[in-house]
Every structure is written in C-alpha cells, then in structure tokens.
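Here is a friendly walk through one model, written for someone who likes to check backbone angles, ring geometry and pockets. Keep the viewer open as you read.

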Amino acid sequence: MGIENYEEKIKLVKQVGKCKFKIEKGFVPNMNVPAYFFCNGALEPLMFDEYKSSFSRADGGGGFLPAMKQLANVAALPGIVNASIGMPDVHAGYGFAIGNIAAFDMSDPEAVVSPGGVGFDINCGVRLVRTNLHENDVQPVKEQLAQALFDHIPVGVGSRGVIPMKPKDLDEALEMGLDWSLREGYAWAEDKEHCEEYGRMLGADPNKVSKKAKKRGLPQLGTLGAGNHYAEIQVVDEIFNKEAADKMGIDRVGQVVIMIHSGSRGFGHQVATDALLDMEKAMKRDGIRLNDKQLACARIHSPEGQNYLAAMACAANFAFVNRSTMTFLVRQAFGKIFNTTADDLDMHLIYDVSHNIAKVEEHVVDGKTKTLLVHRKGATRAFPPHHPLIPVDYQLIGQPVLIGGTMGTNSYVLTGTQKGFDDCFGTTCHGAGRAMSRSKARRILDHKDVLAGLQAKGISIRVASPKLVMEEAPESYKNVTDVVNTCDEAGITKKAIKLRPIAVIKG
C-alpha cells in the first residue's frame, strides 16, 4: 500500500515556476490554502526522497513528519492566508518544518498563533560586523585571534555570561532589548539602526514570562551556546553586487568580517515549552482540531495567544541583547589582538536579522492591504528597496539578508526584492538546512575527521565539545550555495556577497 499511496499523493505536487513547486489542496485533510516550496534541480531529490522514505517507516520519519507533509499540515491551520511556503533549506522540524513561512489574518477571529511556527530558539538569528582589515592582516595572528574570541565569548551548553545580571536587570533587558545594551554601554548607538525591529520588539511583557524561563535565562546573556551556533571570522570571497556591497561598507575581496549566529538560549526554549502547554488546554476549550498535535496553537486574540506573543517578544529581545553582548566581546578581542580600538578597526554592524520569529506586518492579500501575523521559522525577513522598515542607507538596495553556511563552508549576504515581498511575505531562506539527522551524523561521522577537514581548508577552530562537531559537519547539511542560488533564480532575493570562513568558534 505504501508506495502506491506515495504515487497517488505525489500527483498533487507540481512544478509551477522556476524552482517553485505547488502542493495542491487535498494532499492532507482540511487544507485551507495550497502549499508551495522552492528548490532547484540539485535540491529536488532531497525533498522528494524524504517524503517517499516516510512511507516505509512505521514512525513516519523518526519522530518528525517529512517537510512536504508538514508544509501541507500548516496549510490546514485556521486563518492562514495565501499559502504555506517552504524555502529551499526546508527540512523536518517540530510542527512546522524548519524553513516554513505562514501568515495569519489578524482580523480573522479564528486565526491562530503557533509556537511551532517560531521554534524553540526564539529569535535565533545572525549578525554581521565589518572591519577595515584584510585577510593578509589577520592570517599572521589568526590563531591568537581565534583563541581571543574563544576566551572572550562563553560557549557551550552550560556556559555563563560575563555580564553581571540581577533579576531586575534581566526584566529590563527583556522589555528594552537593544536599548538596554545601549544604556549599559554594551552597544554602539548606530548598531540600533542596523538591527531588525531596531533591536527591540514592542509588546514585550516580562510579567508573562515564567520564573523557570527567567531562571534559565539569567546566567546566559552574552553566551553563544552549542548546536549550530557559532562566531566566525570570514573574508569576502566574491562580490556579486558592488552597489549593495558599497552600501554595507564592503569595498574589496579579502576584507575581514565577523558573523555571529545565536539566539535566546534556554530562556527562549522555556518560553516556547510553557506556551505549548498552555495552548493544549486552549485548543480543547476552543475546539481547535489539527492534523498534527505538534502544531499546538491558540487564537491570536485569546489570552493564551496574547500571553505567548508578549513572552515571545521578551525572548526576541533577550536574543538581540545576547548577540549585542557578544559583539561587544568580539570588539574587545579584536582591539586587544591588534592593539587598537574597535572604532579604529571600523567594526560597525552591517545588519542583525532574525530567522525564528512571529511578527505583525502589513501585506497585500487579494489586492487589499491586510494586517498579518507572519510566522518565520528557519526563514529570514527580506524586505525590498524603499520599504519603510529597513535602514535609510539600505533603502536603494533592499534589506541585507544574512545566510550562514555550515561549519567550514561559505556564507552569503543577499538583498530583499519586491518579488520576494509579493510572493513570500518578504521572506527568504536562512541557511543550508539539514540533510541528515543529528543522530545519523553522530553515527556515521568521526569528529577527528571533521576537525582535520577544517584544518586542511586553513580554518582555525576552537570548540568546547569536539564530539558535537559531527552534528554540524558540512556533510550533515544541504549545499548552502544550491539553497542561495535557488532563491536568486526564483527572484525572491538577490546575491550580493559571498563570504569564506577562516576561523570558527563553536560550543
């Protein structure tokens, strides 16, 4: 029965444009809208093979449904508009696929908010800091620089922040976001202009956050964490769009930048966990039925929905402060090694953008401007030129989009387009996207081989947990260049800069 069922189901998946596929209504029960996903020829087999292989497994895919089915299940949520959309880095996640976008009509009383559409690492995101250094300046001191970063930035699962925090300080940081970092002297004034939401999600209410979440978050501000998080010294490898690069302060190949990828740590995880428990009760009360219990949700305007949004905003602000604090530490480390100031090194923030968030935005639906709650999980906001919510100096080029590669592979800077705004709620990919589960990576890879491979590429590495690098090896992920090229070919974002790592700091 399994394979025949697959053949029947797959007839409802059709290519409808360049790198664009449509999942018709009927693929799973109760779909309110179709689903779409983007992939090019290189990524297509991964998407279809994952779905096909789920028919031969009794558990439907190792605990998670295949991404294609998850995209369709999201399309069955109440109040969803247009479509459930998957980016080329899409892969199975909790409830929503990672790389899934879905928008819900705020004026629809049935519309929902779902923590699974944000993820457990709320406001996991990326920031990019430029310097006026060239690779030739860094190579002679690369090992010392990597060690200085490793010494300055707390990394790993149980790491504790270096900034003294009392419960009152934490509450203020949760409410103020980057404004707290500015007040305390851990950020530059101009950092705020180059941060999504200006580094502060409004509507944050620390009173809606549990004591357990605060207890987990209190020691963790300014820490990198583990998993796929990193601080990376990179060099500009290729410039695709000179005008965009110039606006970002990137003027030559070989220029050195620093990329920081981290989120809200245990604090955000607990906020999500608490909300899921509350929403399970709310669904029973309100009679909400789902295709997948992991899509637990609540009406946007219900007490549970509003409480989650207020707590989620706190977690987002925690993450903004977290990345800002690590930037402070990176500036310190570079200043120490080069015996100068971060200001003299031109260590300005190019941009900071989230890829795990739900936000209220204005979009055109069926020819009418509507207020939507846009869920982006493993997907990056990518607003077009002239959009009022992007910085003044990026108005002509579009919002910078930061796409982190896998450990030891290229990263990219893209820019937002009008087509991406119209077709995908101003959203694009966020990274490479897993192609292999963490457990399988640990099973078939050896951490010594992974580390040796990085050294062979001339990449210095400092890692708190060597065995965890197997989970983050390039072999565990899709090819980030295929992902970025798909977005570029589909026109939803445009390539601007390619970056190459020369040193990696990991948990």
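Predicted model: local features only at pLDDT ≥ 70, side-chain atom pairs only at ≥ 80, totals over all residues.

Phe-425 belongs to the loop that runs between helix H12 (418-424) and strand E17 (427-428). Its backbone deserves a look too: Phe-425 has a positive phi of about 55°, although it is not a glycine. As background, most residues other than glycine have a negative phi.

Tyr-198 also has a positive phi, near 55°. Tyr-198 sits in the loop between helix H7 (178-184) and helix H8 (211-217).

Strand E1 (residues 13-17) and strand E2 (residues 20-23) run antiparallel and are joined by 4 bridges, with Gly-17 opposite Lys-20 in E2. The hairpin of E1 and E2 has 2 residues between the strands, and Cys-19 takes a positive phi near 65° there. Strand E3 (residues 35-38) and strand E4 (residues 80-91), on the other hand, run parallel, with 3 bridges between them. Phe-37 has Gly-86 in E4 as its bridge partner.

## Aromatic contacts

How many aromatic pairs does the structure hold? There are 15 aromatic pairs. In one of them, the ring centres of Phe-21 and Phe-48 are 5.8 Å apart and the planes meet at 65°, so the pair is edge-to-face. This pair links distant parts of the chain, with Phe-21 in strand E2 and Phe-48 in helix H2 (residues 44-53), 27 residues apart. Phe-21 and Phe-48 are both buried.

Phe-27 and Tyr-51 form a tilted pair, 5.2 Å centre to centre with 40° between the planes. Here too distant parts of the chain are linked: Phe-27 is in the loop between E2 and E3, Tyr-51 is in helix H2, and 24 residues separate them. Phe-27 is buried at a relative accessible area of 1%, and Tyr-51 counts as buried at 4%. Phe-27 and Tyr-51 form one aromatic cluster together with Tyr-6 and Phe-55.

## Charges over rings

Phe-27 has a further contact: Lys-9 lies over the face of its ring, at 5.9 Å from the ring centre. Elsewhere, Arg-434 lies over the face of Tyr-477, at 4.8 Å from the ring centre.

## The second largest pocket

The second largest pocket has a volume of about 250 Å³. It is lined by 13 residues, of which Met-201, Leu-202, Gly-203, Ala-313 and Val-360 are the closest to its centre.

Which element supplies the largest share of the lining of this pocket? Helix H11 does, with 5 residues. H11 (303-338) and E12 each supply at least two residues of that lining.

Terms used
Residues numbered from 1 in each chain as written. Heavy atoms only, no water. Pairing = 2+ DSSP bridges. Phe/Tyr/Trp six-rings, centres within 6.5 Å; stacked < 30°, edge-to-face > 60°. Buried < 20%, exposed > 50% of the residue type's maximum accessible area, 1.4 Å probe, protein only. Lys NZ or Arg CZ within 6 Å of the ring centre and 35° of its normal. 1 Å grid on protein atoms, 1.4 Å probe; cavity = no way out; pocket = protein on both sides within 12 Å on 5 of 7 lines; lining within 4 Å. Points joined across faces, edges and corners; volume = space filled by probe spheres on them.
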